[in-house]
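Dear colleague,

I am handing over the structure below, followed by notes on its aromatic contacts and its pockets. Please read the notes alongside the coordinates.

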Amino acid sequence: MFYSKETLFAEFDQATRADKKLKKDKYKNRIQFCKDHIELRKTNPEYYSGIDVNFTNLLEAWSSPNPRDHFYMTVFGKSYSEKMAESELEKSERDSVN
């Protein structure tokens, strides 16, 4: 079996839908998705030929207390709420100039 981005997105979407049904541990299936692919990639790297996905980083993000904040901290160096506040400030400054 060889993976494509479409196949991975479909599997991840399925894990996300399963997580949304949970009351607690709401990222359990997405975390397991990452763990499974980390292990499978170790034993069968050829399955991921042409796919550039860092499952270890995804596992770290989905295992964090707030994955969205983790992603924003990684990309912007700010939490989601900090980045949204900054965006609002920039928008209001642009609106006041016009």
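Helices here are DSSP runs of H or I with at least four residues, strands are runs of E with at least two, and both are numbered from the N terminus. The model is predicted, so to speak, with local features needing pLDDT of at least 70 and side-chain atom pairs counting only at pLDDT 80 or more, while totals for chains, interfaces and linings use all residues. Searching the whole structure gives 10 aromatic pairs, where rings of Phe, Tyr and Trp (its six-membered ring) pair if their centres lie within 6.5 Å, and planes under 30 degrees apart count as stacked, over 60 as edge-to-face and the rest as tilted. One of these is edge-to-face because the ring centres of Phe 2 and Tyr 47 are 6.2 Å apart and the planes stand at 70°. Since Phe 2 lies in the segment before α1 (5-20) and Tyr 47 in the loop between α2 (28-43) and α3 (55-63), this pair ties together parts that are 45 residues apart in sequence. Phe 2 is exposed, at 59% relative accessible area (buried means under 20%, exposed over 50% and partly exposed in between, with a 1.4 Å probe and protein chains only).

Trp 62 and Phe 71 also make an edge-to-face pair, with ring centres 5.9 Å apart and planes at 75°; Trp 62 is buried at 13% relative accessibility, whereas Phe 71 is partly exposed at 32%. Both belong to one aromatic cluster, which also includes Tyr 3, Phe 12 and Phe 33.

Pockets. A pocket is an open set of points, on a 1 Å grid over the protein atoms alone, where a 1.4 Å probe fits, with protein on both sides within 12 Å along at least five of seven lines, and lining residues have an atom within 4 Å of a point. The largest pocket holds about 180 Å³ of space, the volume being the space filled by probe spheres set on the points, which are joined across faces, edges and corners. Its lining includes Lys 5, Phe 12, Phe 33, Trp 62 and Phe 71, and α1 provides the largest share, 4 residues. By class this lining has 9 nonpolar, no polar and 1 charged residues (Ala, Val, Leu, Ile, Met, Phe, Trp, Tyr, Cys and Pro count as nonpolar, Asp, Glu, Lys and Arg as charged, and the others, Gly among them, as polar).

The second largest pocket, with about 150 Å³ of space, has Leu 58, His 70 and Phe 71 among its lining residues. α3 and α4 (67-76) each supply at least two residues of that lining, to which α4 gives the most, with 4 residues, and the classes divide into 4 nonpolar, 4 polar and no charged.

Best regards

Conventions. Residues numbered from 1 in each chain as written. Heavy atoms only, no water.
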